[in-house]
Amino acid sequence: MDQFKTIARYRDLPLAELAKSKLDSEGIYCFLANKNHVGANWLVSFALGEVKVQVKTEDAEVALKILNKDQSSELIEIEETFPALTQNDLCIKCSSSNIVLLNTTRKAGAFSLLLGLPFIFFRKRYKCIDCGHIMNQKSNNL
Ligand SMILES: [Zn+2]
């Protein structure tokens, strides 16, 4: 019979699910203990010791390395993919400089990191605050 070991605890179910997805994608068998209790009543998580990510004892060391892997270099890639806006960036419709990178795109980037999915599924989109136009590319012609 396999022995299981708790390698991580999460107060919130979505974070535990993300950790499980990450381990699943690396071929590490794991399950979430207390998942249904915490999902049904969040306050129960304190009494039960939160949602536990459990793996086979022999996989524990590798699983911990996967969960604790430093992904800061991937954050740099996201910054390069979504360069910061400058004063020269203009709306292609009304030429306003009052444009922002859509938050959903940044959230998608962060989500992509957590799940280990390739970033190519997400495209950069900008929104003009003044006219509301959403564009895939900003103009930087002055
Ligand atoms: Zn505009």
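The legends below describe close-up views of a predicted model.

**View 1**
Three strands form an open sheet in the order 1-3-2, and their pairing is antiparallel. From one strand to the next, the twist averages 30°. Four bridges join strand 2 to strand 3 in the antiparallel sense. In strand 3, K52 is the residue opposite A33.

**View 2. Two helices lying across the sheet.**
Helix 1 lies across strand 1, strand 2 and strand 3, and runs at about 15° to strand 3. Helix 4 also lies across strand 1, strand 2 and strand 3, here at about 20° to strand 1.

**View 3. The crossing of helix 1 and helix 4.**
Two packed helices are described by the angle between their axes and the distance between the axes. For helix 1 and helix 4 (residues 60-67), the axes come within 10 Å and cross at roughly 115°. The crossing of helix 1 with helix 4 is right-handed. Helix 1 contributes A19, K22 and L23 to the contact, and helix 4 contributes A63, I66 and L67. By class, this contact between helix 1 and helix 4 has five nonpolar residues, one charged residue and no polar ones.

**View 4. The largest nonpolar core.**
In soluble globular proteins, nonpolar side chains tend to be buried together. The largest nonpolar core of this model has 12 residues: I7, A8, Y10, A16, A19, L23, C30, V38, V51, V53, V55 and A63. Strand 1 (4-10), helix 1 (13-25) and strand 3 (51-56) are the elements that give two or more residues to this core.

**View 5. The surroundings of V53.**
V53 is one of the residues of the largest nonpolar core. Beyond the residues up to four places away in sequence, V53 touches T6, I7, A8, A16, A19, K20, C30 and L32. Among these contacts, I7, A8, A16, A19 and C30 are listed with V53 in the core.

**View 6. V100 in strand 4.**
V100 is located in strand 4 (residues 99-101). V100 counts as exposed because it has 12 C-beta neighbours inside 10 Å, and a residue with 12 or fewer is classed as exposed. Apart from neighbours within four places in sequence, the contacts of V100 are Y126, K127 and I129. Between V100 and D89 there is a C-alpha to C-alpha distance of 9.7 Å, and these two residues are 11 residues apart in sequence.

Terms used. Residues numbered from 1 in each chain as written. Predicted model: local features only at pLDDT ≥ 70, side-chain atom pairs only at ≥ 80, totals over all residues. Core = buried A, V, L, I, M, F, W, Y, C linked by C-beta atoms within 7 Å. Buried ≥ 20, exposed ≤ 12 C-beta atoms within 10 Å, placed from the backbone. Contact = placed C-beta atoms within 7 Å. Axes fitted to C-alpha atoms, helices over the stretch in contact; angles between N-to-C directions. Left-handed = near helix turned anticlockwise from the far one by under 90°. Nonpolar A, V, L, I, M, F, W, Y, C, P; charged D, E, K, R; others polar. Pairing = 2+ DSSP bridges.
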